[in-house]
Each structure stands twice: as C-alpha cells, then as structure tokens.
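Have a look around, then follow the questions below.

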Amino acid sequence: MSGIVLLLIAHPVSAAEPVDFAKQIRPIFEKHCVSCHGPSKQKAGLKLDLGKRVLKGSLNGPVVVAKKPNESKLIHALKGEKGAESMPPTGELDAATIDIIRRWIEEGAEIPKDEADATAKHWAYESPKQLPVPDGVHPIDYFLELEWKKRGLKPAPLADPETLVRRLTLDLTGLPPSPADVASFRNEDTAKRIDALLASPAYGERWGRHLLDIWRYSDWYGFGAELRNSQKHLWNWRDWVVESLNSGKPYDKMIREMLAADELAPTDPQALRATGYLARSYYKFNRNVWLDDIVEHTGKAFLGITLNCCRCHDHMYDPLAQEEYYRFRAIFEPHQIRIDPVAGERDPEKRGLTRVFDADSKAITYLFERGDDKRPVKDKPLSPGVPAAISPKGFTPKPIALPADSVHPTLRESVRQAQIEAASAQIKQFKTEPRNKVAVMQLQAVKAKLAADAARYATPPNPRAADLIRHAVGLHLETMALAAEADLAEAEEALKAIKDAKAIEAQKKKIAELKPKVDVARKAIETPPADYTPLVPNNPDSTTGRRTALAEWIVSKENPLAARVFVNHVWLRHFGQPLVPTVFDFGKNGRPPSHPELLDWLAVEFVKSNWDIKKLHRLILSSRAYRMKSSLSGPDAEANRKLDPDNLMLWKMNPRPLEAEAIRDSLLAVSGLLDPTTGGPDLDFDDEAPKLRRSLYYRHAPEKVMPFLMAFDAAGPTECYRRATTVVPQQALALVNSRLSARAAEAVAKGLTAKEPNAIVPELYAKLLGRKPSGPEAQLCVEFLKTNPPVALAQALFNHADFSTIR
Amino acid sequence: MQTPDRRSFLASGMGFAGLALSAMLQRDGVARADEEKWTAPDGKPHFSPKIKRVIWLFMVGGTSHVEGFDPKPMLDKYNGMTIAESPFKATLDSPYLKKNLREFVPGLHKVQPKLMKMQAGWKKYGKSGLAVSDWWPHVGGIADDIAVVRSMWTSDNDHGAQLQFHTGRHALEGPFPTIGSWIRYGLGSLNDDLPSFVVLGKPLADCCGGQFGHGGNYLGPEYSGVPLLADPKNSLPFLPMKGQSVEKQLEQFQLIGKLNGLAAEQTPDDMNIRAKIKSYELAFKMQAAVPEVMKLEQEKADVRKMYGLDQPETKEFGQLCLAARRLSEKGVRFVQVYHGSNGGAGAWDSHAEILKNHPPLCKQVDQPIAALVQDLKQRGLLDETLVVWGSEFGRTPGAEGSAGRDHHPYGFSIWMAGGGVKKGVVHGATDELGFHAVEDRHYVTDLHATVLQLLGLDPRKLVLPGRKRLEIDFGKPMSAILT
C-alpha cells in the first residue's frame, strides 16, 4: 500500500463575500508559515496557526492592525517592504494570496469565536467520544444509515445464508466452510456460528497473519548464511501472536508484552516471545537504522502517526517536533537482543528464545541535526519522552529491578538441566580414556558451578557460597588439567602410528608444545583464581522501565489514537475498506474518516470492553451492514452507484479478493492436504510433503517469500499496512500450473463419492465453492466432464472467481 | 507447449466470456454513460496514428538535466556564486518558483542558492549539433534521431513526482490511471498472446507510487501494467508441467472463462472479476508466448553486444531494453521500463555527490538505450514506435551540501525518438542557469498528450462516466516537434 494520500483542498476564493479567516486565511498560513510559526516552532515568538495567535503577534508586538493593512507588519513582511524581513524565506507569495490577507485585515481582521474547537484541533488528537445510539438499533447500522439518508442511498438487501456463512468462515478463519458447515447454517444461528469460528484455532492463524502484516513480521534475512536483518527464532513471536488471539488476550496486554515483556514478565518465557516485535527491527550494520525502524513502525502501527517524518526536521503537518522523535528513540536506546537458552538445546543458533532486554541503562540519546548521525547535538542529551500533542500525561518511566533468575540464568531449572544434559552427552560421546575422565570431571565441575551459583545468588546468599565457589574453581581447574593431559596423551598415541619422517617431526613438535601446557594447568591448581567463568553470562539486574511506560502511555485512557487505529485495521479486514483510508497516518496529512462518529463509537466501546478483540469482531459481524449482499443489480443499485460509485458509504458489502495465504490454505483445506498442526519453526517450502501446513508457517522474509504467495500480493516483509490487490495473469498460471494446485485437484477428485457427472458437479461445487451450481453452470460442467476427468473440473473450479473471493 | 492460433482460439469459445460480459455490462448499466454521448472505446484510434507502440524508459530518482541534455555554461562561469550574486538574480523572482509548486513536505527542499559547475563535460553531436553531456556518449551518438524537450516542469519537488509523471496528478491527490493504462484502455491489442501493457524492471517503491506507477486505478486492474521478468531462465513462474496436453488445458481455460463469465453476470460490482476473466484469456496464451519472447539468447551475438549484454555494468538494463524491443516487435503497445528503483527514492537521487552517483548509473543505461533506438531503426521499426526517455524531475543548478544536487521540478529534460517525431531537434529551453523552463513550457501531461496524439488518440475521448477528468489531465501535444 502506498503512502500517498489526498490533500484537502483549500476553500476557493470569491471576491464578493467578506474574507473568511478559517476558510481562506488559515490555509495560507498553514501552507506557508506554520512550519516556522506554529505549534512546533515559534520564530520571533510568532504563531500563525490560530486566529487569536495571529492577532496576539510576535515578541515585538502585534503584526496585524485591524483595518490598516499598510500598518500591519505582517503585510510588510509578506511584501518584503518597509525594512521588514521578507517572509516566507522560501520566496514571496503570489500577489493574489497577499491580497486576500490584505483584504482580511482591511475588513477588520475578524476571526471566528469558537475557532479553537472548529479548526485548530485535529480530530485524531482529541479523545474519541461515544455519541448516544437509540435503543434497539445496532450502532454500526445506526451511523451508516445516517449517511445513507443524507445522500439518498438505499442499503443493499441481506446476503443469502450460503454466502454469509462462507463470508464469515473465510473472514474469521481464512479457510472455506465444509459442505456440512454450510448445510447446517441458518441465518438465525449467526451469533452462535461466529462464536464457534472465533473459538477455532484457525481464527488466530488467520488474524495473526493480519497483525503480522501490520507489525511487519519477517524471519531473519541477510547475505547467504550471514544474518543482517531481523533475528533467528522469530517464529516464537509469530506463535505468540496466534496464541494470544486464540486465548483472547486483550489488545492492551498484547502491546504491553510486545514492547516490554522483559520488564513486566521477566521470567515468563511465553510472554517474552512477544518482544520478537522489537527484535524484528534488528539491523546488523547500523544501530541508527535499527532504532529508526522501531520508532517509525511503532508510531505507524500502534498510533497512526508518521513520527518518522521528524527525524530530520519538525513535522510539517502534525504537532510533532524533531526533538520528540529523538525522545521517542531514547525509550529504545538501552535495549538490545539476546537469545535465552531453552530446555533441551545448548546451541542458541539452533533453538532459543529471542528476546530483548535493557543492556545499557546509561545509553545516551542525542538529537541528530538534520537527521545526520554525524552531527549529534552533544550538549543536550535527551531524556525519553512521548509526543506531547497526542497525550502529555501518562508517560512516567521508573527503573524496575529484575528478579534473580532473570539476572542469573542458572537459577532457572531449564537452564540447569540444559547444562547438565550437555555435559552428560559428552560422557556418552567419549567412552574411552583419556577423554572419558575429562568428560566425567567436566560434569562434576558443571554441577559444582551450578551449586555455587545457587548458593551465591540465593536471597540471602547461602553462607556456604564461598566454599562452594572454591570447590567449583578446583574442579574446573582439575578438568582443565585433565584435558591438557588428554591432549598430550592422544598426541603421543598418534605418534606411534605415523611412519612418514616429516610427519613424525611435526608431531613431535606438537607434543613439545603440549607438554608445558600440562605443567601450566597443573600449576594453576596450586594458585587458584578467586572465581570461575560463569556457565551462562549474567544479565543486568535492572531495566529502565521506559518501554513499560511507553506501553502504558499508548493504552492509557488519555491516548486518543491506539484504539482508533486498531479498530480501523479490524474494520478494513472485515469490510475491505477502512474507515480512515490512510491506515498508518491519522495525522493532518492523512485522510479524514468516512464515518468519524462510528469510528469513535467503536474505539470507545473497544476500550470499554477491556480491549477485547473477539468482542470487537462480534460487534462488527453482528451488524446488518456486515450481512448485506456484495453484488446487486436493479434500479436501486444503479442509483446508488451513481451517487457513490466507490461504495464509500458502505451501502453494500464489498466483494474482496482473498489474500495469498487464504487462497493457498483453501486449496489445502478442500483437498484434505491440510496439516492442521499449529506453530513451530519457520518451514522450508516443500510442495511434495504428504501434508502441507498453513501458509503462515513458511519462511517469510525479503527474497524468501513463497513464490505462490508472491503471485497473490503476499505482504511485503518490510512494511505492509494494507495488502495490494492486483489481478495479473501470473495468478491464473499459479492456480492452473502449480504443483500445489495439481496435487490439490487430484486429492479432491480422489475424495469424490459421486460417480456420475450429474452428481459429481454438485459435489464439487459444494466442496470447493460452498454452494449449488446454477443451471447453466451445471450444464457447462457436465458437458466438460464428457471429455475430461473430474480432476480437471476440480482444478478449473479452483480458478472460479468465487473460490478466491469473499462475496 | 504450442499456442493455438487466435482464430481457432476464438472459434473454440474462449472469447465467450468477454462477449457475454460486455453484453451484460451494457444491460446492467455498469458501463452506461452518465452522458448520453459516451461510448466505451472500440479499440481503434480516434484518428490516423503515426505510431503503433511506445517504449517508455523511466529513470527513478531524478536525473540531472544540466549534466544530461541541457548543458549550462553559465554554471561553470558562476560556479560557487549564489544565484542572487550572479547576473541571474531574477531567477529567484520568477513567478514559476511558487506558482507551480505544491510541496509534498513544505520547506523540505529549498532553493539551493550556490551555483555548482557542471560535473561533466559536454559536446555537440551529429549533424544536428545536439549538446549532450559526456556521461551520455551513446545517446549522443543517436543525436540525429532524437528530439530533446528541455522545458518540462512538474509541481512536486519530492519523489511523489514519479507517480505524477505517469498519472499527471500530484501525489497528494492520490493515484489515478497512468499513461500506459489509458493507452491500454483506448487501443486494442496488437497481439492477443501478450499483455498489451508490460512493465519491466523493479517497480517504484511504495513511497513514491509503488504499483500505482503503472496502475489502471479507476479504469480497473485489467488496465494495469503486467510486470514481466526479462530473465531468459525464469521469465514466468508456474509454466505448464511437462507432458501437459495443450488441447486439454485449453478446454479447461475455456470452461474457466465461461464460468467466470456467468459469475460476472451475477456480480456486476466486482471490478476484479472483469480483470480476472481477461487475465485468464491472456494467461493461457502468455505461458507459451512470454518464455518465447524472453529468449534473448536467440538474438545474434552482435545485437547482444550492442545492448551491452556482454558487460557486467550494462547487462541488466541491456536485457530490459532488448526485452522491450522484442515485446514491442511482437505488438505490445506500451512497455514501461524502470531503471534505478531501489526500494526508496530511487538510485538517481544524488543529494550528496553527483559525481559519484550519476556516472555509474549512466554507464548502466546509456549504451542499452542508444542500442534500443538503433536496433529499432535498423529493423525498420522505429518509424512506428516511440521511445520516450525521462525522469521525474531534474536536479538543482545549485549545490546541495558541497557536491550534490537537490530535486528540481522547475525545469528538466526528456527526449523522444520514433515515428512522427522530428529528428535531431531541441524544443523548449530553460533559463541560463537551467533553473526555470522558460520557453515552450510543458507540464508532464503535455508529454502524455504528445504520445496519445502519435497513437491517434484524443485524450478528451478517454473518459469514464462518473469520473471527472480535469483540464490539466489532458495536456497539449508538443506540436512543434511533431512531423
């Protein structure tokens, strides 16, 4: 989805009427002046964003003298006359524009009385308010109807049950309903069916993928085997998203965990997975790029603000200052990524828990002049902060002490176990001497270190700790000595087998080098060091609490954006069009909501429900609006189309192309090839496996997106706030020629119970399209079956528009 | 896999869906005009065309005009001086400075006041004596075949101008149908086996138009450009499997077409289904035709060499240009070729050191582009083809930082070569500094109008009921350079 947006066009000018400040003057100031004389900067103390501030003037006094344009400094500046500095500095305004301002002053420099409410405030920065809705009316239908009535639009009739159940099922699970699901559905069961679908694990997989679009999920990528972006094991975060949705975790809690689970639940590995959200922005070569990405996408995804515009300068449209960009960055400045060990795996490259933590609470943030990291403003270190214009209160970071078992990983049973398992494995591996005794001693040393760790890190520390440490040091040194002796013994043993004179010489040299090492290791036992190297590095014992404070601020009652932005995303994915078209920009340069009262009603309700996402689905899906037909003909429809060709007022449902994943998953579902296993590491593509997993479980990263999904506009892994929907011939070829489609068609054909064309056709229609064929359709298909096998018909029906469309 | 010829294909019923659909659309009023006079395009030109097809080469990021096709000796003379100190102070008082500009981010790109000398030498080429920078020697070599327009302007000083170059509308107004999609909409196909609007090279980044840069927008997705890979080894994903019977697959495609035709009757509101039906008709034929057309290895060694396929710098864009010629030769109406798309503003965006940025990029494209024009000429195709070269804007005569050039929408160059266009001419001019287009000024839609004129299309007849086109959308043909 492109970031390109519509601009509201300034009110046209008419010569006869008096000049209207709000409609004619303010837009001029906004366009040419407020970037220096506005909310974020006030050069010479002058603000030109509101009429009353224009009249108030600058530090040097008024700039406007009512009825006397020739005495008004504003006019002098605009014309660059009478010694005034010519404004704006980028070049003089055209004469007509200056003339309107002159006329406005001449006519008395009137400004609107209720200006502050009417113009200065931007809707998205005001708290949403819930307008009353009459009893017995669904709020969504109520607000939509207000607009229909105003415009003379007639709402579409309701979809038939077959269409509705397919719509609901695809919408909530990304899988088509089975023939039995369709047959058992009656319109009056809608609420019950919605509940059942929301309870299905497939719901989390479907909506998890939606959220992963917005949160820009990507498995690691780089150059060959070199990791440059994102992180290993990020699928843990993907699984957390899916599970969170399925378990009904409130949205505010999801935000808290993604931004700060390491501070809020430091010992809960399940919750820690959520911080994969932050780990995803990792970039090997440049910490600034890494943090810029976090700032940009946290702003866009959770708040619908383009804070990224402020990296180099104050925001040109919104009251966001450049300094606020860097204060926002300061929230993330201390954090780093580490991979915690998980039970049963000692190699973190193979498996581990990728999570964030505050590594350096003293990390300093500076503003970069013009965004140039070579020009930090070093005399002004910035404390963490949030944009005040959105909500000035509620951001109060406090350092948080971390529990002992987070600081000292060996206090955790799983970590201890992994250490012991690894050492025991060595004993099994080296069954013969001299290595066996090294491994046996190594295991003892590991156990001793674990015991010493447990004692020294206990609260209060165990008095025996010092002894245990000494003991562990002793065993460690003994292991080292045994290892050195083993090296030597093996080298001497090897020498016996060597015949070649040159090689003998070389081996002797090696032995000569190993001998002193044994002595050194033995000597070390006599003068042991005070402490041993830890088995697992210890972690910082506190965290700054900045990210927790950010999460609290985002979901605080005073924050006007978080709920609105999320509700808008959910709406988009139920209706095929958002209420605010610029889904990641609710600022002044974004486009206004089509139904502001509805958006606000839903946002308030969502917060009231304790950010219950499933409740939000139920609310939207229970509206009449959701159940309308998507395609209609007749005079009403024709009249509507003339009034609102793009259906902006939602007088009918929009037919929606299925997303890439849902198309592939549908193929699997109808053919029985679907392996319903959930979760786990990202998979390699393999169209030949006996059963295939749902699409979201396959590797998803730049240059690594499955080609089948690519053909259908899969989410771009670097940014995808809204899917593109193209129709290109390559999609047809993917459904006709791919191995996947061929396999699915074979499996469908194999599973047919009907034998006769007259029965095969309805069976395929029920299975693949969830409906009966019409007369002409049945006729065409039966005709086709005279010269073609059922498998060819099955595959043809995968290409039916109804297969890949939510009607 | 063989493709049955068009006649047998239509006779076998593949065309059914299209016919049924258009009849249905008329009946249900989808395509009925708001204005009584409106009729859907019949695929024929409105008047006698000079050319049949267009190859549109677009350099992403903003290519310097003063180090391109509009050298400015005054920059050398007043190097280091501010515009205000130079004899051309009046440049800053020009009404064009504000009047035509609508900033995407106000104040971000200021006038760069300190003049910077040309970073490349230049000389006169050919009989026409066309002045071309040393960074474009091969294009210099075809000077007598091209018409340079030095007086283009646009209204966005940021990279939304990429979208604007193709739609004619400022990016702040959102996406609109692009020039290629209007042509696709107005003119019938010359080859039913290939898309009639093809996109080669990496598309624009989302910041600057993304897919909308070759989109059909309200005309519907079937009028959008179809991206193809100019990779002989992998021109299309999902080709038919070995052993697949063409006849059997054709039957399957025909059934799909008919079924979707019936579905379209039921769902007149679904813009995508119309596009889908078309895409299947095309897909069937494309799966044989595209790999064939992308067999660049079929070209003779000297031709491949001419396009620079033997050199690492020129290979990639050379392949695109050669593929563009082959597609064009086969009748693709509009081939839109991108160069320099990099996921952001574009490779040509040389804010810091233009001397390091431009020469390697020019090296990548200069030879292949010149080869394309020459190759078309030697095959006798240039008379019925138009090659357009352009970029979203030029670069500032003043320095950005010490050695860069900023975005410059006030005056920049494009050039054309082909049927109906004068050869070896320069049209329009910028001022002495290369700042403002001052003679025969042309907004980007004048370029669209010129292309449409050559194709025999009247932009005012390219309208859709319910969709308002503005005066600025239509532009005016650059008649001075037309034969």
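Q: What should the twelve residues of helix H1 (residues 21-32) of chain A span, at 1.5 Å a residue?
A: Keep in mind that this is a predicted model. At 1.5 Å a residue, H1 of chain A should span 16 Å, and its end C-alpha atoms are 15 Å apart, which agrees.

Q: Which residues of H1(A) are buried?
A: They are A:Phe21, A:Gln24, A:Ile25, A:Arg26, A:Phe29 and A:His32.

Q: Can we try another helix? How far apart are the end C-alpha atoms of helix H6 (residues 139-151) of chain A?
A: They are 19 Å apart; the 13 residues should span 18 Å at 1.5 Å a residue, so the two values agree. The buried residues in H6(A) are A:Ile140, A:Phe143 and A:Leu144.

Q: What do the buried residues of H6(A) pack against?
A: Their partners are helix H24 (596-608) and helix H25 (613-621) of chain A.

Q: How are two packed helices described?
A: By the angle between their axes and the distance between the axes. Take helix H10 (residues 201-214) and helix H11 (residues 235-246) of chain A: their axes come within 8 Å and cross at roughly 125 degrees. H10(A) and H11(A) are therefore oblique to each other, and their crossing is right-handed.

Q: Which residues make that contact between H10(A) and H11(A)?
A: From H10(A) come A:Pro201, A:Tyr203, A:Gly204, A:Glu205, A:Trp207, A:Gly208, A:Leu211 and A:Leu212. H11(A) brings A:Arg238, A:Val241, A:Val242, A:Glu243, A:Leu245 and A:Asn246. Sorted by class, the contact of H10(A) with H11(A) has eight nonpolar, three polar and three charged residues.

Q: Now the loops. Which kind of peptide bond, cis or trans, runs from A:Met87 to A:Pro88?
A: That one is cis, with omega near -10 degrees. You'll find A:Pro88 in the loop between helix H3 (73-79) and helix H4 (95-106) of chain A. Another cis bond goes from A:Thr459 to A:Pro460, with omega near -15 degrees. The place to look for A:Pro460 is the loop between helix H19 (435-456) and helix H20 (465-497) of chain A.

Q: What is the phi of A:Ser230?
A: It's positive, about 60 degrees, although A:Ser230 is not a glycine. A:Ser230 is in the loop between strand E2 (226-229) and H11 of chain A. A:Asp713 also has a positive phi of about 60 degrees and is not a glycine either; this residue is in the loop between H28 and H29 of chain A.

Q: Is A:Ser230 buried or exposed?
A: To read burial, count the other C-beta atoms within 10 Å: 20 or more means buried. A:Ser230 has 24 of them, so A:Ser230 is buried. A:Asp713 has 19, so that residue is partly exposed.

Q: What about chain B? Where is B:Ile51?
A: B:Ile51 is in the loop between helix H2 (16-28) and strand E1 (53-59) of chain B. With 20 C-beta neighbours inside 10 Å, B:Ile51 counts as buried.

Q: Which residues is B:Ile51 in contact with, leaving aside its neighbours within four places in sequence?
A: The list is B:Glu384, B:Thr385, B:Leu386, B:Gly418, B:Gly419, B:Gly420, B:Leu454 and B:Leu455. Take B:Leu455: it is 404 residues from B:Ile51 along the chain, yet their C-alpha atoms are separated by 5.4 Å.

Q: How many residues of chain A are in contact with chain B?
A: 52 residues of chain A are in contact with 61 residues of chain B. On the chain A side, the elements that give two or more residues are helix H26 (635-643), helix H28 (707-711), helix H29 (729-737), helix H32 (775-787) and helix H33 (790-798). H29(A) gives the largest share, seven residues. By class, this side has 25 nonpolar, 20 polar and seven charged residues.

Q: Stepping back, how many helices and strands does chain A have?
A: Chain A comes to 33 helices and eight strands. Its C-alpha trace spans about 110 × 90 × 55 Å along its principal axes, and 47% of its 807 residues count as buried.

How values were computed
Residues are numbered from 1 along each chain as its sequence is written. Chains are lettered from A and ligands numbered from 1 in the order in which they are written. This is a predicted model: local features need pLDDT of at least 70, side-chain atom pairs count only at pLDDT 80 or more; totals for chains, interfaces and linings use all residues. Helices (H or I, at least four residues) and strands (E, at least two) are DSSP runs, numbered from the N terminus. The expected span of a helix is 1.5 Å times one less than its number of residues. A residue is buried if 20 or more other C-beta atoms lie within 10 Å of its own, exposed if 12 or fewer, and partly exposed in between; C-beta atoms are placed from the backbone. Two residues are in contact if their C-beta atoms, placed from the backbone, lie within 7 Å. Axes are lines fitted to C-alpha atoms, for helices over the stretch in contact, and angles run from 0 to 180 degrees between N-to-C directions. Angles under 35 degrees count as roughly parallel, over 145 as roughly antiparallel, 65 to 115 as roughly perpendicular and the rest as oblique. A crossing is left-handed if the near helix is turned anticlockwise from the far one by less than a right angle, and right-handed if clockwise. Ala, Val, Leu, Ile, Met, Phe, Trp, Tyr, Cys and Pro count as nonpolar, Asp, Glu, Lys and Arg as charged, and the others, Gly among them, as polar.
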